[in-house]
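This report is meant to be read beside the sequence and the model. Please keep both in view while reading.

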Amino acid sequence: MPPESSLRTGQPGRTESADSPDDAVRRLRAAGCVFAEDEARLLTGAAASAAELDAMIERRIAGLPLEHILGWAEFCGLRVGVATGVFVPRRRTEFLVRQAELLLRGSHDGGSHDGGRGAAVVDLCCGSGAVGAALAARVAGIELHASDLDPNAVLCARRNLEPAGGRVHEGDLFEPLPDRLRGRIGILVANAPYVPTAAIGTMPPEARTHEPRMSLDGGPDGLDIQRRVVAGAPDWLAPGGHVLIETSRRQAGRTIGLMRQAGLAARLAGDPELDATVAIGTLAGSSTG
Ligand SMILES: C[S@@+](CC[C@H](N)C(=O)[O-])C[C@H]1O[C@@H](n2cnc3c(N)ncnc32)[C@H](O)[C@@H]1O
């Protein structure tokens, strides 16, 4: 989850208005934007007028994440709505989705699940709801719930998930989930904050200035929220159910250790190209899907 930045610096870039895509590229490049051509194309496509394009470029040069300006992020082939002040889903988190999808389909262990149909899936710390939205798009018939403590994230996730039949609950981790899900969750996914507090200052300004602190800060060792997710998981998982937590390569051993302490069988999955690591804990018992 520590974010990628495509803007090298928030250099002041006000020079002239951008009334053509070439001007847009030039201004973005001058401001240190690494993917100036791509961003100019997206912003030009989104702006209804030259004045609006100019304003968008100014916001980008000032350091706002591209996705907050566009109002959406590309994630797992979807356009997921992302409101200002809500965590921008990262490419590496697509790996978390893929791992959850594999388990939902029952293919990872060669199981004989019914393609995930009817499985209760919970996206904890859902932010925009990107992970849940991608799972709902990939696996038909899941019962999808999501939760987040931040009311802005909850509003955003509702817009993304309710059309797909998902329910979004506002509150601390498991606390707002309907009690009937206790012992019934087949797949629990969490990309919870995992940046150690002291490392937040080293993050790109796009993240540390424009994403809420509570979406990044994982406490002194980065594991405060993960610890609570793992401790709560056994009560909420169905027999054979899985909890999948995005972590970092450096923290992975400790995330796995937390799972084992909670009585879960645990393993790691990773994708070096995406710099993605996911810890997967499984509750004993036979899975019902
Ligand atoms: C790293 S962001 C991830 C968002 C989303 N899962 C994604 O991958 O795009 C972490 C999210 O956790 C939420 N959060 C932080 N502490 C929480 C808590 N105690 N209970 C519920 N959500 C929490 C934040 O508001 C933020 O939306």
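**Basis**

This is a predicted model, in which local features need pLDDT of at least 70 and side-chain atom pairs count only at pLDDT 80 or more, while totals for chains, interfaces and linings use all residues. Residues are numbered from 1 along each chain as its sequence is written, and side-chain values use heavy atoms, with hydrogens and water left out.

**The chain**

The chain holds 10 helices and nine strands. Both kinds of element are DSSP runs numbered from the N terminus: helices are H or I with at least four residues, and strands are E with at least two. Of the 289 residues in the chain, 55% are buried. Buried stands for under 20% relative accessible area, exposed for over 50%, and partly exposed for values in between (1.4 Å probe, protein chains only). The accessible surface of the chain comes to about 12300 Å², and 51% of that belongs to carbon and sulfur atoms. Such areas come from the Shrake-Rupley method with a 1.4 Å probe; for residues, only the protein chains shown count as cover.

A contact is a pair of heavy atoms within 4.5 Å. Among contacts between residues at least 6 apart in sequence, 63% join residues at least 24 apart.

**The sheet**

Seven strands form an open sheet with mixed pairing, in the order β5-β4-β3-β6-β7-β9-β8. Two strands count as paired if DSSP finds at least two bridges between them. At the edges stand β5 (167-170) and β8 (265-271), each of which pairs on one side only. Neighbouring strands are turned by 20° against each other on average, direction ignored. Axes here are lines fitted to C-alpha atoms, for helices over the stretch in contact, and angles run from 0 to 180 degrees between N-to-C directions.

| Strands | Sense | Bridges | Opposite residues |
|---|---|---|---|
| β3 (120-124) and β6 (185-190) | parallel | five | V121 and I187 |
| β3 and β4 (143-148) | parallel | five | D123 and A146 |

Strand β3 is mostly covered, with five of its five residues buried. On one side these are A120, V122 and L124, and on the other V121 and D123, so both faces are covered. In the loop between β3 and α6 (130-138) lies C125. The phi of C125 is near 55°, a positive value in a residue other than glycine. C125 is buried, with a relative accessible area of 19%.

Strands β8 and β9 form a hairpin with four residues between them. D275 lies in the loop between these strands and has a positive phi of about 55° although it is not a glycine. At a relative accessible area of 35%, D275 is partly exposed.

With 13 residues, α5 reaches 19 Å from its first C-alpha to its last, close to the 18 Å expected at 1.5 Å a residue. The expected span is 1.5 Å times one less than the number of residues. Of the 13 residues of α5, 10 are buried, including F95, L96 and V97. G106 follows α5 and has a positive phi, near 75°.

Helix α3 (residues 50-61) has 12 residues and reaches 16 Å, close to the 16 Å expected. Which residues of α3 are buried? They are L53, D54, M56, I57, R60 and I61. These residues lie on the same side of α3 because they cover an arc of only 165° around the axis. The arc is that of the directions from the helix axis to the C-beta atoms. The buried residues of α3 pack against α1 (21-30), α2 (36-46), α4 (66-70) and α8 (205-210). Just after α3, G63 takes a positive phi of about 110°.

**A loop residue**

A83 is in the loop between β2 (78-81) and α5. It counts as partly exposed because its relative accessibility is 22%. Not counting residues up to four places away in sequence, A83 touches H68, C156 and R159. A83 and E67 are 16 residues apart in sequence and 8.4 Å apart in space, C-alpha to C-alpha.
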